[in-house]
Amino acid sequence: MPFSIDKTSKIAAYKQLCRQIEEQIRTGVLQPGDKLPTERLLEEETGLSRGTIKTAYRELQKTGRIVTIQGSGSFVAKYSREESRKAAREIFQNALEQLRAMGLPPLEGGQIFSQVLEDFLHEDAQVKVAWIDCCEECLSSVRRQLHNLKGLLLRTIVLSDFRRDPGLTEGADCVVTTSKHFDEVAFAIPSQLDRLEKVMLDLDLNSVIEIVKIPASRRVALWSGSQTFLDIMEEVLENFDNLERFQTFVGEMCLPEMERGLRSTDVLLVPPAYSSADYPQASALIEAFRENGGRIIPFDYQLNKGSLVHFEDRVLELYQKKNAAMRG
């Protein structure tokens with residue numbers, strides 16, 4: 001079941017993929033219960049990013065065309081709408097019987113279901129934000145900073161993926177990027193300029209304090225999973241007079257050199273969150289450095305206070321408008 005994506009088309013790539021899958025289901029090329037290609041295989045076949053493929057599969061799930069089973073993959077839905085309604089009725093009847101066995105009367109069970117349904121529908125009122133930045137380290141910091149913000153449904157997009165497919169922002173109530181990338185993003189999505197917001201990221205105050213306290217005599221090194229974030233670290237650290245020079249290490253490149261360098265290092269600056277599964281050998285060296293008495297300082301690059309307040313106000317404004325529209 002080959003798929004072909006026209007990257008010159010005005011139709012977003014994820015919509016092209018959706019339509020081709022829907023057509024194959026309609027014509028019987030894909031049968032109920034058939035397993036769809038994995039994201040990795042589709043990425044290799046079409047040249048699309050994982051983010052674009054995920055978006056397409058999510059849209060197909062919403063329309064009931066496919067179902068996704070955690071750990072197993074995505075499959076063509078087996079039931080027609082009428083069959084699905086019949087199966088749903090049986091599920092609800094069984095659930096009520098189970099609740100009765102637990103001592104809950106059916107009426108109370110129905111009230112609980114109504115509350116669950118209300119919470120589920122409430123997700124539609126969440127503000128969908130597409131956040132674009134140059135590297136995963138910056139996006140990770142944003143996710144950590146905003147994870148408790150009420151009414152926010154955040155989707156983070158690496159700039160390189162956005163360049164390949166600007167359609168990744170479609171459906172977002174708000175698109176956010178930093179001042180550094182604002183012009184590029186604005187040029188790529190002119191129809192969404194009214195939804196585009198600009199923010200600034202700065203080094204977190206706690207990180208600033210810890211770095212300022214490093215004696216000039218200490219030997220300092222930097223490690224980052226990506227060269228992009230390492231460049232950011234170096235640019236910011238140029239403003240610290242107590243750091244005249246430092247070694248730098250990227251990902252798992254030149255591990256022997258990193259191992260030797262850390263032996264003569266006193267202080268190591270790293271992103272506050274990185275996946276040890278993605279960098280197992282580098283992570284092991286960093287942990288060994290810590291166990292041997294080396295000092296590690298998180299280089300926490302976050303939204304500055306002004307940008308955070310502005311963004312929170314914007315989300316609240318959009319959230320209230322969406323809820324008012326749903327009630328109306």
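**The cores**

Mentor: In the largest nonpolar core, which has 41 residues, Trp 131, Leu 146, Ile 211, Leu 269, Phe 299 and Phe 311 touch the most other members.
Trainee: What's a nonpolar core?
Mentor: A set of buried Ala, Val, Leu, Ile, Met, Phe, Trp, Tyr and Cys residues joined through side-chain atoms within 4.5 Å. Buried is under 20% relative accessible area, with a 1.4 Å probe and protein chains only. This is a predicted model: local features need pLDDT of at least 70, side-chain atom pairs count only at pLDDT 80 or more, and totals for chains, interfaces and linings use all residues. Residues are numbered from 1 along each chain as its sequence is written, and side-chain values use heavy atoms, leaving out hydrogens and water.
Trainee: Which residues does Ile 211 touch?
Mentor: Among them are Leu 203, Leu 237, Phe 240 and Phe 299, not counting residues up to four places away in sequence. Touching, or contact, means heavy atoms within 4.5 Å.
Trainee: How many residues are in the second core?
Mentor: That separate core has 19 residues, including Phe 3, Ile 5, Ile 25 and Ile 53.
Trainee: New topic. What is the strand order in the open sheet?
Mentor: The order is 4-3-5-6, with parallel pairing of its 4 strands. Strands are DSSP runs of E, at least two residues, numbered from the N terminus. Two strands pair if DSSP finds at least two bridges between them.
Trainee: Which are the edge strands?
Mentor: Strand 4 (152–158) and strand 6 (196–199), each pairing on one side only.
Trainee: And how many bridges join strand 3 and strand 5?
Mentor: They pair over 4 bridges, in the parallel sense. Val 129 stands opposite Cys 174 in strand 5.

Terms used:
Buried < 20%, exposed > 50% of the residue type's maximum accessible area, 1.4 Å probe, protein only.
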